[in-house]
Amino acid sequence: MGSDGKLPTSATAAKGPKGWAQRFLNVGFVAGFLLVLLTYAVVSQQSQRFGAVVASPDDVAAISKQAIKAPGETGLAQEDGGEEKTETTTPAEPSADHHQHQDTSGDSNQDDQQQPEQEWRPKAVVTEEPPRRDDTAAKPFDNGKVVLTTAGPYSDTCDVFGDVRTNGTAHTVTLVPATSFTERREWKIKPYIRRTMSGIPEVTITQLDSTSASSPAPACTVRHHVPAIVLALGGLTGNYWHDFSDALVPLFVASRRYGGEVQLLVSNIQPWWLGKYEAIVRRLSKYDAVDLDKDDQIRCFPRVTVGLRMHKEFDIVPEFSPDDQRLTMVDFTAFLRETYSLPRAVPINLKQTPEKKPRLMLLHRGHYRKIVNVPEIVKAAEDAGFEVAISDPRFGVHVEELARSVNSFDVLMGVHGAGLTNAVFLPKGAVVIQVVPYGKMEPLAKLDFGDPIVDMELRYLEYSITAQESTLLEMLGPDHPVIKDPESVHRSGWDKVAEYYLGKQDVKLDLERFAPTLELALDHLRQQ
């Protein structure tokens, strides 16, 4: 600032040595600033060139597709924007996963089986979508590959090809490379049919990066020349319906392609269960099942599938069968008829034998959801032209004995419950009558039995009772919300639905109202 208090002009400031120094400093400042900009531009360019190694759009997509657990994590990640879809229904229309303490699918005394402790109440009815497969670990076949499939509402599975080694006590499946992979990778899944089931130990699938001293491969103690399937029992198995929906049907789909040449490695093994269904299991695998949890051998296989896949409850979607087999429920029921040497593949032919009466099996329940006017129903069915027998299958009955009995009938009738699972033993073209309890339970009845029965190519008839045919009316009165407003009960949650509509009501059929259903069954058989 000048002596007069004014700022000097540039001309004044430039005079003398001090002015030249100021100009030099200004030039240096500008040059320094330009150098900083240049450095920033170079660094940014390098980041764009080399940043793709870890974060290019393609790599991000690949990482998100891998629906895997990092070591030590406890869940499977789902790919954002994946194909899994949910068809939302009212809160009281869960899928059949709810069959547990209330035993909502139980029939007759087959419900008195060991009941699992897991509480299962999904909020939506869902069906399988085309499997989303993680092939990002795939390498040339001599090096092996891992394919993880996580799409769909129920199950996770992992197929491992190549030099595959299992350690049962450690619950590990290891892929050993022939040369070397670029990285070591690890997945964790539950080999049970329902990924969220508690109490099921996980299996760790590891892809080794090499067979070096720092990453040694477990040495084989037993070498197999057939593939293996790792599965878990327990969970909801022990309920007759879940035995088929959660185990036998998915196991059939997974193993049928091998023609018995497959080794089963079973976690949470239930010897009584394997004994009960021994005939079925023996036809699916020619080899004794291995108790995975106690198996201290290092077993080597050319291929291992970890987990079973459920397409729908108690059903098969042909498009989702492995190796393009396109299996159906018709294939499954034919397999059962062959397994138990059941004599009848078709029901009675009333055109050829008009003097004979079609046979109707009436399932009798000893507890909740039982028919209280059985004698009247029997008489009505006999008057309609049927030969009627009442069935009360117990838990200890041999499956082969039960299968032969059911196969001798043309019509299977019962209130919603596990006894209707026996439809798998009926001859193709027979009739199933499901009596649906009061309380807007039709979506559940259709999911559990209606759709699977149709897919077995059986004739499905559904009879929904009214409030006047339910013992709940007398128990609670016409003004109780359970009677007057079932939708409000559904909105209150699954516990109340199961408590009242599945656990506290019995059925007294209106014979006049029910008569047309019997006539429909008879008409169907006349057309065979």
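Predicted model: local features only at pLDDT ≥ 70, side-chain atom pairs only at ≥ 80, totals over all residues.
I started with Arg257, which comes out as partly exposed because its relative accessibility is 21%, and the cut-off for buried is under 20%.

Next I looked for the partner of Arg257 and found Asp323, in a salt bridge with the closest N and O atoms 3.1 Å apart. Arg257 sits in the loop between α5 and β9 and Asp323 in the loop between β11 and α8, so the pair ties together parts 66 residues apart in sequence. Asp323, at 49% relative accessibility, also counts as partly exposed.

I then searched the whole structure and got 26 salt bridges. Among them, Arg194, Asp246 and Glu313 are linked in a network.

Glu469 and Arg513 were my next stop: their side chains meet at 2.7 Å, N to O. This pair links distant parts of the chain, with Glu469 in the loop between β16 and α12 and Arg513 in helix α16, 44 residues apart. I have Glu469 down as buried at 2% relative accessibility, and Arg513 as partly exposed at 36%.

Over to helix α9. Lys379 and Asp383 form a salt bridge there, closest N and O atoms 3.0 Å apart. The two lie four residues apart, about one turn of the helix, and both are exposed.

How do α9 and α16 cross? Their axes come within 10 Å and cross at roughly 45°, so I call the two helices oblique to each other. The crossing is right-handed. From α9 the contact uses Glu376, Ile377, Ala380, Ala381 and Ala384, and from α16 Leu511, Leu518 and Leu522. By class I noted seven nonpolar, no polar and one charged residues.

Notes:
Residues numbered from 1 in each chain as written. Heavy atoms only, no water. Axes fitted to C-alpha atoms, helices over the stretch in contact; angles between N-to-C directions. Parallel < 35°, antiparallel > 145°, perpendicular 65-115°, else oblique. Left-handed = near helix turned anticlockwise from the far one by under 90°. Contact = heavy atoms within 4.5 Å. Nonpolar A, V, L, I, M, F, W, Y, C, P; charged D, E, K, R; others polar. Salt bridge = Lys/Arg side-chain N within 4 Å of Asp/Glu carboxyl O. Buried < 20%, exposed > 50% of the residue type's maximum accessible area, 1.4 Å probe, protein only.
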